[in-house]
Amino acid sequence: MATETIAVRPTPTWIPLKIEDPIPPPFLTPKFGFKVTPIHPTFGCELEGVDWSKDISEEVYQEIRDVVDKYGVVACRKTGLSDEAHIKFSAHFGELDDVRPYQKAGRVHRLAYPELFDAGNIDPHTGDVAPLTAAQVIGNKANEQFHVDSSFNGRRAGHSLLLAHILPPKGTGGSTEYSDSRTAYEELPDETKQRIEGLVANHSLFHSRKKAVPEYFKDTDPSKLPLSKHKLVQLHEPSGRRNLYIASYVYSIEGMPKDESDALIQELLTVVETPRYRVTIDWKDEGDMIIWDNTAVLHRATGGSYEGKFRRDMRRTTVKDMSSARFGLNGEGADWRVGLP
Ligand code: OGA
Ligand code: MN
């Protein structure tokens, strides 16, 4: 294998790269020799060499975790993980969120475990492609805007681990795109950094849904529904870098007049949408898993011609944020969840 020619160098220390630099060459991780292939100058990589058929030990997890902390988004191909193994591996990252509140509110859950969020387009009743009007498909449409998972809950998400079970035919779309919000923050003009330091954003699930499908949510007023409060600029504790915590869910900036607040949100969304910070990852095979850190990157579904035609079965575990900013300004222990039944 060609891996013999790859230099081994330590991964855990973040060495800031400039976006103008070329994509760094592949390397092997220090202890287990997993191959890391960067896919963008400043973030994102493919990870090979992990034996996903075995239980993942704490030591192996730590080596994977170092790569996740540094790269923000990590694609692992053909893991073949079962639902149970997917959940078990995810639990290394921290406490797992679940869909029980939505089940209690009456939503039918297609998947066997409440720890699996359904990011696919399959109707739980028929097993076929859900009609474009189904709540789940509306959620998927809203997911085509750059976002971070669960920032609208009392406790936000840390990591997400999305696993492909059924992919639509090649060439019909369905890739997932990411944006590097740590580098986006670092490259902000000093004037902007000063202007946004200490500001608090109000996050709303319904705001993002309403932007995606305005007619459907025309009578929904996000300001009358729960808003989750998080600082716009945060320390990403695992890497020691600062992060711009903006997302399609940001409805308003605390204490700012509406027009000024709308303009600032749009300004910051435009920054993270800049092509230089973005990378698209294609799902190649069933069993592919992408791990990302919602407190270091944004992501979005990209849609495609498969929508409404072909099944895309994607299952996601969502790890509750384990950092000191996990509750934002929502109060210690806030565990309320927001969603449609
Ligand atoms: C998610 C998500 C995007 C996709 O699962 O949180 O945004 O491409 N998925 O399915
Ligand atoms: Mn998402």
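Trainee: How much space lies in the largest cavity?

Mentor: Rolling a probe the size of a water molecule over the atoms shows where empty space is left. Here the largest cavity holds about 290 Å³ of space. A cavity is a set of points on a 1 Å grid, over the protein atoms alone, where a 1.4 Å probe fits but cannot get out. Its volume is the space filled by probe spheres set on the points, which are joined across faces, edges and corners. The structure has one cavity of 30 Å³ or more.

Mentor: Keep in mind that this is a predicted model, where local features need pLDDT of at least 70 and side-chain atom pairs count only at pLDDT 80 or more, while totals for chains, interfaces and linings use all residues. Residues are numbered from 1 along each chain as its sequence is written, chains are lettered from A and ligands numbered from 1 in the order written, and side-chain values use heavy atoms, leaving out hydrogens and water.

Trainee: Which residues lie nearest the centre of the largest cavity?

Mentor: Among its 24 lining residues (those with an atom within 4 Å of a point), A119, N140, N143, A301 and R312 lie nearest the centre. The elements α4, β15 (297-301) and β16 each give at least two lining residues, and β15 has the largest share with three. Those names come from DSSP runs numbered from the N terminus: helices are H or I with at least four residues, strands are E with at least two.

Trainee: What about the largest pocket, and what is its volume?

Mentor: A pocket is an open set of points with protein on both sides within 12 Å along at least five of seven lines. The largest pocket has a volume of about 730 Å³. Its lining has 34 residues, and R107, D118, A135, Q136 and R209 are the closest to the centre. This time α4 gives the largest share of the lining, four residues.

Trainee: How does that pocket lining divide by class?

Mentor: There are 15 nonpolar, eleven polar and eight charged residues. Nonpolar covers Ala, Val, Leu, Ile, Met, Phe, Trp, Tyr, Cys and Pro, charged covers Asp, Glu, Lys and Arg, and polar the others, Gly among them.

Trainee: Why is the pair of Y216 and F217 called edge-to-face?

Mentor: A pair of aromatic rings is described by the distance of the centres and the angle of the planes. Rings of Phe, Tyr and Trp (its six-membered ring) pair if their centres lie within 6.5 Å; planes under 30 degrees apart are stacked, over 60 edge-to-face, the rest tilted. That rule finds eight aromatic pairs. Y216 and F217 have ring centres 5.2 Å apart and planes at 65 degrees, so they count as edge-to-face. Elsewhere, ring pairs join W52, Y61, F89 and F93 into a cluster.

Trainee: Is α1 mostly covered or mostly open?

Mentor: Mostly covered: ten of its 14 residues are buried, meaning under 20% relative accessible area, with exposed over 50% and partly exposed in between (1.4 Å probe, protein chains only). Y61 and I64 are among the buried ones. Helix α1 (residues 58-71) reaches 20 Å from first C-alpha to last, close to the 20 Å expected, which is 1.5 Å times one less than its number of residues. Just after α1, G72 has a positive phi of about 80 degrees.
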